[in-house]
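Please look over the sequence and the structure below before reading on.

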Amino acid sequence: MPKPKHVLEVFIRPGEYYFGDKETRMRTILGSCVSMTFWHPQRLLGGMSHIMLPERPANKIQPPDMPTNGMYADEAMELLLAEMKQADTNPKQYQVKLFGGGDMFPSQNKRKGIDIGLKNIEAVRAQLKKYGFNSQAEHVGGSGHRYIIFDVWSGHVWVRHHHLPQIEETKPLKKKKAVVHQE
């Protein structure tokens, strides 16, 4: 389908999500965060998330009067599924793609289990499996950040990936005695 004459441009910030129709283009920038895109090829509907963390910490209980948001993988999934239901569509008819989860500090030594990008990828994949989705395309992991553009009218997702250079650990230079030349 060609690009519509009037396009709603939506920038999705960290912790947000959006669900739109065939006249929508969604954009985001991801570092260690992960984005899921869902596209319905017949109805030309789609949604995108910007997940910051794998799950809400156990000690941060959500007050009952405060709505969930797309910050956590499970909550973002629930919100997008609710949008699909509200649009009177079957979630199984959506095509799913995953992006992000980059290591933003590749030259730093990581303590065991601290790579938030990888934890985000694992959490999102677990949510997809839980609800019976299969990812049709992925651009995840590695280092650096990604610019993502999702055109709902076509289902195309464009990715521009900026890798961070891997800085090798260097050994301190041996101190040499200064040589003084006198004339």
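**Thr24 and its surroundings**

- In this predicted model, the side chain of Thr24 reaches the backbone oxygen of Asp21 at a distance of 3.1 Å.
- Thr24 lies in strand β3, which covers residues 24–30, and Thr24 counts as buried because its relative accessible area is 1%, whereas the cut-off for buried is under 20%.
- Leaving aside residues up to four places away in sequence, Thr24 touches Val7, Leu8, Val10, Tyr18, Phe150, Asp151, Val152 and Trp153.

**The sheet that contains β3**

- Four strands form an open sheet in the order β1-β3-β8-β9, and their pairing is mixed.
- The strands β1 (8–11) and β9 (156–162) stand at the edges with a single partner strand each, so one side of each has no neighbour in the sheet.
- From one strand to the next, the twist averages 15°.
- Between β1 and β3 the pairing is parallel and runs over four bridges, and Glu9 has Arg25 in β3 as its bridge partner.

**The nonpolar cores**

- The largest nonpolar core has 21 residues, of which Met36, Phe38, Val124 and Leu128 touch the most other members.
- At least two residues of this core come from each of β4 (34–40), α1 (73–86), β6 (95–100) and α2 (116–130), and α1 supplies the largest share, with six residues.
- Leu128 touches Met36, Phe38, Met77, Val96, Leu98 and Phe133, when residues up to four places away in sequence are not counted.
- Another core of 13 residues lies apart from this one, and its members include Leu44, Met48, Phe99 and Ile148.

Notes:
Residues numbered from 1 in each chain as written. Predicted model: local features only at pLDDT ≥ 70, side-chain atom pairs only at ≥ 80, totals over all residues. Heavy atoms only, no water. Buried < 20%, exposed > 50% of the residue type's maximum accessible area, 1.4 Å probe, protein only. Polar contact = N/O pair within 3.5 Å; in protein donor to acceptor, adjacent residues only side chain to side chain. Contact = heavy atoms within 4.5 Å. Pairing = 2+ DSSP bridges. Axes fitted to C-alpha atoms, helices over the stretch in contact; angles between N-to-C directions. Core = buried A, V, L, I, M, F, W, Y, C linked by side-chain atoms within 4.5 Å.
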